[in-house]
Amino acid sequence: MTDPQALINNLSAALQASNIASGKSALNQLKIWMLEISPQDPPESLTLAATALELGALLSAADDDLDAFARNISQLKPYYDALSASSSSTTATTLTTERKCHVLGLNLMHLLVDNRLSEFHAELELLSEEEAGTPFVSFPITLERQLMVGSYDEVLNAGMNVPDASYTFFMENLMETVRDAIADCVEVTYKSLKLTDAVSMMKLDSVEELHEYVEEKRDDWLVEGDMLTFQPPPVGSKAADIPSMKLISQSLSYATELERIV
C-alpha cells in the first residue's frame, strides 16, 4: 500500500538535496496515489495531495521546467478549492498548507514572465488580504507595478532581495521580458542600427543571437547587410511619444545590472 507521507518526505528530501531524478520518481508515485483522491475525501488526504503538488512545483522550478511548473499549478488549484470548501463546511478555521503562499507567489512570477497580465490580475483577485501581504506574494505584485512604469532600477533592487532562492529562476526569465521592453524603445527611437550596436543595446552575446531574436519575436525588423532596419511608426505618432535617449540609456544600464545579478 502506498504511504503518501513517506513519499512526501522523500520528495522533500530530494528537493533539499537538488536530486531532481529522485524527486520526480517520488512525485510520479504520489500522482498515481492521487488518482484515488476526490474533493469529498477527508481534509488530511487533500492536504497531503496539495503538499505533494506544491513540492512538485518547487521541483519544476529547480529543474528550470516552466511547462512542468504550470502543470503542477493546474493540478494543485482544485485541491486548494476543495480545502477551502472543506473549511467552510467543517470549521471556522481556513485549512491551508505550509507552502501555499510560496507557490502562489511563484505562479504570479510565472505569469509575469509570460506577460500574461490579465491572468496575473485575475489571480490577485482570488487572494486573501493576508495572502497578498506575505513576502512571497507581495514580491511579484510590487515587481509588476515597477515593470509597468518602466522602473528598471527598482526591478534591479528587487532582484537582489528575492524572498526565496526558487524565485531566481523566474528572475532570469524575466530578463527576456526586460529585453523585449528595450526592443520596443529601440525600434521607435531609430530608423536603423548597425547589427553590432543592436547586439550591445539588446544585451545579446552575438549577432547570431540577434538574428534568432528577430526571427522569433520581431518579424517586422529587416536585416540588410550589417544593418538592422525598423519599420516606421504608425501614421499619427508624435515625436513626443518617443522615449528620450536618456531614458533608453538608463533602461539599458539597469537591464545590464539585472542580468549581472541573476
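What is the volume of the largest pocket?

1. Basis. This is a predicted model, in which local features need pLDDT of at least 70 and side-chain atom pairs count only at pLDDT 80 or more, while totals for chains, interfaces and linings use all residues. Residues are numbered from 1 along each chain as its sequence is written, and side-chain values use heavy atoms, with hydrogens and water left out.

2. Largest pocket. The volume is about 340 Å³ (a volume is the space filled by probe spheres set on the grid points, which are joined across faces, edges and corners). A pocket here is an open set of points on a 1 Å grid over the protein atoms alone, with protein on both sides within 12 Å along at least five of seven lines; a cavity is a set of points where a 1.4 Å probe fits but cannot get out; lining residues have an atom within 4 Å of a point. The largest pocket is lined by 16 residues, and Y80, D81, K100, L104 and L126 are the closest to its centre.

3. Make-up of that lining. Helix α4 (66–90) and helix α5 each contribute at least two residues, and α4 has the largest share, with six. Helices (H or I, at least four residues) and strands (E, at least two) are DSSP runs, numbered from the N terminus. By class, the lining holds eight nonpolar, three polar and five charged residues (Ala, Val, Leu, Ile, Met, Phe, Trp, Tyr, Cys and Pro count as nonpolar, Asp, Glu, Lys and Arg as charged, and the others, Gly among them, as polar).

4. Second largest pocket. Its volume is about 270 Å³. Of its 16 lining residues, N115, T177, V178, D180 and A181 lie nearest the centre. Two or more residues come from each of α5, α8 and α10 (167–189), with α10 giving the most, seven. The classes are eight nonpolar, three polar and five charged.

5. Cavity. A search of the whole structure finds one cavity of 30 Å³ or more, and the largest cavity holds about 30 Å³ of space. Its lining consists of L104, N107, L108, E123 and L127. Helix α5 gives the most, three residues; by class there are three nonpolar, one polar and one charged. L104 is also among the residues closest to the centre of the largest pocket.

6. Packing of α5 and α8. The axes of α5 (residues 100–113) and α8 (residues 135–148) come within 7 Å and cross at roughly 20° (axes are lines fitted to C-alpha atoms, for helices over the stretch in contact, and angles run from 0 to 180 degrees between N-to-C directions). The two helices are therefore roughly parallel to each other (angles under 35 degrees; over 145 is roughly antiparallel, 65 to 115 roughly perpendicular and the rest oblique). The crossing is left-handed, that is, the near helix is turned anticlockwise from the far one by less than a right angle.

7. Residues in that contact. C101, H102, L104, G105, L108, M109 and L112 of α5 meet F136, V137, F139, P140, L143, E144 and L147 of α8 (contact means heavy atoms within 4.5 Å). This contact has 11 nonpolar, two polar and one charged residues.

8. Backbone points to check. D64, not a glycine, has a positive phi of about 55° and sits in the loop between α3 (43–62) and α4. N115, also not a glycine, has a positive phi of about 60°; its place is the loop between α5 and α6 (117–125).
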